[in-house]
Amino acid sequence: MSVYARLQALNITLPPVAVPAAAYLPYVQSGKQLFLSGHIAKQDGKPWVGQLGLTMATEQGRAAARAVAIDLMGTLEHACRAAGTDLDGIKRIVKVMSLVNSTSTFTEQHLVTNGCSELIGEVFGAAGAHARSAFGVAQIPLGACVEIELIAELA
């Protein structure tokens, strides 16, 4: 099943690539690798603000990470098209790195990040199995609850 058929089955419409909010590019291609800049969680088009362990529970963070995955896939599609292919041209999702805005006592960053990792696995199948890091941080730009970056390899 194609990536696009999986997205359709999940009722997911990918957003356009977001305009950078600072001095960076949304993605960079180096050889066959695509490096996507960190994407913050958004809800209703605005930063999804919160701190895990204080104002948000793990399941809310997980939903935010899933929302980030959808935004990342929108940027990834744009990067693929610029490279002359589409999401079906992804050989592998190589790595996901997640920053979770959390209190010093919150220890479920890995469970929050599963919201992103599991959706990527559903959409890309075996090619979506990736290496991953999940960190707890004191703050993320604009007070967002989660920020995630991604590295993918083109076929």
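User: What should I know before reading it?

Analyst: This is a predicted model, where local features need pLDDT of at least 70, side-chain atom pairs count only at pLDDT 80 or more, and totals for chains, interfaces and linings use all residues. Residues are numbered from 1 along each chain as its sequence is written, and side-chain values use heavy atoms, leaving out hydrogens and water.

User: How many residues does helix H2 have, and what is its reach?

Analyst: Helices are DSSP runs of H or I with at least four residues, numbered from the N terminus. The expected span is 1.5 Å times one less than the number of residues. H2 covers residues 58-82, so 25 residues, and spans 36 Å from first C-alpha to last, close to the 36 Å expected. Just after H2, Gly-84 has a positive phi of about 90°.

User: At what angle do H2 and H3 pack?

Analyst: Axes are lines fitted to C-alpha atoms over the stretch in contact, with angles from 0 to 180 degrees between N-to-C directions. H2 and H3 (residues 109-124) pack at about 40°, axes 6 Å apart. Angles under 35 degrees count as roughly parallel, over 145 as roughly antiparallel, 65 to 115 as roughly perpendicular and the rest as oblique. H2 and H3 are therefore oblique to each other.

Technical notes
Helices (H or I, at least four residues) and strands (E, at least two) are DSSP runs, numbered from the N terminus.
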